[in-house]
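Thank you all for coming; I would like to walk you through one structure this morning, slowly and with some care about what can be read from it. Please have a look at it before I go on.

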Amino acid sequence: MKTILVRRWAWIVLVLLCHMIDLMAAQKRVLVLAELGGQHDAFTQTGLRWLHQQAEEMNFSITELDDCNKLQAGDIAQYDLVVQLNYPPYVWSPVAMKEFEQAIDKGTVAWIGFHHASLLGEFDGYPMWLWFSDFLGSIRFQNYIAEKADGQVIVEDPGHPVMSGVNPKFLIKEDEWYIYNQTPRRHVHVLASVDENTYHPASGVKMGDHPVIWTNLSKPARNVYFQIGHSASLFDNPDFVRMFTNALLWVLNRPMKCYAEASLESEMKAQPIVASKRINGKWVLALPVSTGKRAIGPKDDPDYAIYGTSSITIPLNNHNLEDWNRISFDIRTDLDAGIANVNVAVDSHPYSGVGAHLVNVEKKVWQHVIYQIEEMPRKEVTAIRLYTDIKGRNLSKQDSIHYEIRNMQLERVAQPEQTAGWQVAPGKMAYSMSGYFTMGPKTALVAGQGGNFKLIDEQTHRVVFQGTTQVVPSTLNSQLAVIDFSDFQREGIYSLVLDDLHSAPFPISRHALDGTMWKTLNFIRCQRCGDVVDGIHARCHTDVFCDHNGQPFSYGGGWHDAGDLSQQTLQTGDVTFALLEAYQVCKQLHPQLAERLLDEAQHGLRQLMNTRMGDGWRASSIGLLHWTDGIAGTEDDIHTVRKQHHAFDNYLYAAYEAYASLLLNDEQLKQVAIEDFGFADSQFLVHGLDTFKIKMEHTYGMPESIWMAAASWSASMLYQLTGEKIYADKAAQYIHYTLMCQEQSGEMAGYFYRDSTHQSIVHFMHQSREQLPIQALVALCESQRQHQDFHHWQHALTLYGQYLKKIMKVTLPYGMIPSGIYQDQSVRRFPLWTDIFNGNEALILASGKAAALCGRFLDDQELSDIAIEQLYWTLGKNPFCQSLMYGEGHRYPSQDSFSSGEIVGEMPVGIRAIVDKDMPYFPMTNNACYKEVWLTSAGKWLSLLAELKKL
């Protein structure tokens with residue numbers, strides 16, 4: 001009997017072990033081709049040691065090889081990445097050459113090359129490898145600086161993942177600076193180039209246009225070449241190390257690394273402290289990883305729950321803290337893996353209304369934290385509380401977690417960060433930190449009257465454009481001067497100078513914002529559910545189910561909704577559609593990015609298929625705050641996923657599936673789209689419009705006008721997919737009601753009412769589908785140009801476009817699309833928010849999408865410019881001079897990502913408002929809902945940018 005029990009327990013342990021292995025990420029395999037000996041030996045040996053260190057952190061294995069003649073058939077196919085660590089493009093076996101070419105051309109292996117990898121020509125009796133020459137930009141090695149020289153490198157594409165966190169200019173010491181028969185620029189995408197005028201000592205060995213870091217976009221394989229790579233001292237250069245690190249993460253499809261140096265918090269740490277007062281004490285927060293109990297939430301959302309909370313209270317006995325505007329302290333955690341954070345609450349009378357401040361804590365290092373409390377009531381402060389929630393075991397192998405807190409003090413700085421109003425703070429410049437499109441508006445804002453400004457070419461250091469600021473009429477009750485350089489249309493890297501103000505370098509280019517797509521994609525990828533996300537979580541929530549007709553349907557898939565771990569199936573559909581839109585516009589010119597967009601979209605499509613439960617029913621949503629063990633059949637299984645049979649939802653699912661089927665030529669998706677449209681139509685024809693009762697779902701409060709627009713757009717998508725006239729007729733029929741809801745007369749005609757009674761105007765507060773009527777109308781106009789109602793549809797689009805142009809006056813000179821006109825005919829800049837769901841990022845991006853659709857169809861550049869301005873607002877041309885995309889531009893604030901930690905590319909719900917004053921308000925407190933990361937914002941960003949790239 002004892003032997004049987006031992007065997008049974010051994011079997012259980014084996015099953016659990018296999019399950020845990022399945023939950024973790026598969027280890028990547030890296031082949032390092034190393035040139036040993038000679039003048040590059042020190043660089044190569046140092047690089048090998050560094051790579052082995054990274055292998056432990058990034059979970060990859062390394063095979064070293066110093067002779068490619070040893071490669072046999074099938075060898076390269078075993079690897080995910082080839083690193084050419086100064087190994088030349090010769091001394092390769094013929095089979096290795098052929099298989100390497102095929103792997104790069106098919107995208108089955110990634111590549112990072114250094115220095116000697118571009119030694120292309122006839123060397124040591126070997127002919128030039130023509131394919132490799134084309135791969136690196138149709139170049140042939142010609143000369144080099146034998147005596148070596150220092151040189152300043154200028155970043156040309158700061159948005160590319162490889163250049164994330166890298167200084168705009170950096171010095172490379174003692175390199176050889178190869179030159180070729182021609183610049184590779186016409187055949188590759190240049191990430192950085194060397195300024196040959198900065199060589200020290202000066203050298204006559206020059207190429208003119210001299211790229212030194214680039215990637216070949218025509219190859220499906222992710223690839224990057226670094227011409228630098230001569231000296232081992234490069235591994236003491238933080239910019240070089242950062243680029244190499246970024247390159248590894250990018251090609252291995254790992255989450256991008258967060259660099260805090262350009263963050264708002266980093267800038268705040270450099271502010272001079274006028275006065276300070278120490279709060280004596282050291283504190284420890286201790287909490288178990290697991291309590292052994294089930295997390296239980298409220299009745300209407302039973303799994304929106306945690307396992308408990310650990311907290312510290314520092315009593316202040318109603319002290320007046322008005323002399324202080326910051327709190328600072330040092331914190332360290334012993335957490336071995338996963339996500340760590342604490343909340344800081346200032347308890348006062350009256351209550352501040354902004355909640356607690358989330359601090360994302362780095363693992364096992366002391367971290368200095370600054371929390372600005374300037375905007376908070378603090379005349380009577382009862383206590384400072386620090387607390388953290390118990391959310392369950394994730395990646396950690398520990399039984400408990402500890403946070404040490406020390407060196408807490410009150411501080412005062414002379415110029416705290418601005419948190420409200422339209423005025424740009426003195427000494428700041430509001431501009432698009434990620435750059436500007438070549439065509440269209442290019443403006444920046446400063447406080448006061450301004451003066452004479454200059455646009456500087458960062459490569460030549462010359463003034464290429466200059467002018468005088470303008471003070472334009474505005475209703476914002478603020479004094480703002482406009483720097484307008486819209487007439488300048490030459491692509492390059494530039495900076496703005498106005499008196500003592502000097503912007504950071506930014507690109508002007510047709511592709512200026514392409515880097516934001518990589519970062520947004522990184523955020524979406526890190527929000528995956530049901531899959532491994534390195535450093536964030538193992539394969540998660542595969543034990544979360546929706547029960548239907550006695551059968552459990554797993555809900556582990558798609559993406560987590562926001563800072564929490566909730567899910568919304570319709571949001572998964574929205575984001576999947578946005579990813580496919582972006583894929584469509586990138587697949588020809590940017591296959592590397594397109595491949596990743598498609599991979600992520602397919603993850604979403606799988607969830608859309610897996611949530612279908614038959615007869616139109618779908619698993620729809622769940623509120624979730626904690627991690628489960630991921631093992632079906634254990635005590636923490638969840639069976640409370642909501643389900644819906646909504647016609648509105650199914651219309652949109654059908655549209656998304658039809659678009660995917662058209663784009664991917666997928667017959668199965670075609671049949672699913674037809675079925676889901678049929679489910680929706682049957683439900684509508686029998687029961688009419690849906691009733692949306694669940695406030696947490698993104699369909700709550702959906703206006704009838706938007707509802708019918710969704711039905712029409714879906715029918716148009718099915719018509720495009722099938723060519724069947726019945727869908728064309730339905731599309732035209734369903735849009736009729738939406739047009740009945742449009743204001744057709746008066747000075748501000750063009751907006752939509754919620755229904756045909758015209759009693760209430762459409763305004764969105766959180767999730768926005770402002771673009772749906774325009775999406776439906778454009779689809780009708782493009783697919784049924786001969787229809788008798790074509791001119792009526794076109795007129796509706798024209799009216800809406802004119803309406804947008806008119807309401808834009810109330811936010812000049814910023815360009816943010818206002819909330820819209822209200823019943824009293826006043827135009828509000830922000831909605832009348834009445835609950836926690838506040839922040840306008842999804843609102844302006846959805847309206848921007850509508851403007852871009854109108855602009856493209858009507859060939860109206862002004863409308864397209866309005867759409868573009870929503871991107872610029874997000875990237876820094878806002879009163880707070882902050883980029884709302886973490887890791888993009890600079891002065892990006894920490895965001896409320898309490899489940900997954902800080903993520904490059906994360907975007908918040910958005911800037912909220914002081915409602916009675918209709919002005920922007922963005923508190924420094926890092927809390928929901930305004931600073932909570934949100935998948936919807938990311939999806940709408942991709943959708944708008946994809947629409948603009950069609951122009």
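**Strands around β6 and β9**

Let me begin with strand β6 (residues 149-155) and strand β9 (residues 189-200), which run antiparallel and are joined by five bridges. Strands here are DSSP runs of E of at least two residues, numbered from the N terminus, and two strands pair if DSSP finds at least two bridges between them.

Residues are numbered from 1 along each chain as its sequence is written, and side-chain values use heavy atoms, with hydrogens and water left out.

Within this pairing, Val 153 has Val 194 of β9 as its bridge partner, and Val 155 has Ala 192 in β9. Strand β6 is also joined by five bridges to strand β7 (residues 169-175), again antiparallel, and there Val 153 stands opposite Phe 170. Because six of its seven residues are buried, β6 is largely enclosed by the rest of the structure; buried means under 20% relative accessible area, with a 1.4 Å probe and protein chains only.

Turning to β9, four bridges join it to strand β10 (residues 211-215), and the two run antiparallel, with Val 190 opposite Trp 214 in β10.

Finally, on confidence, the protein averages a pLDDT (the predictor's confidence in each residue, from 0 to 100) of 93, and 97% of the residues score at least 70. Over residues 1-23, however, the pLDDT is below 50. Where pLDDT is low, the predicted coordinates should not be read in detail.

Note on methods. This is a predicted model: local features need pLDDT of at least 70, side-chain atom pairs count only at pLDDT 80 or more; totals for chains, interfaces and linings use all residues. Contact means heavy atoms within 4.5 Å. Buried means under 20% relative accessible area, exposed over 50%, partly exposed in between (1.4 Å probe, protein chains only).
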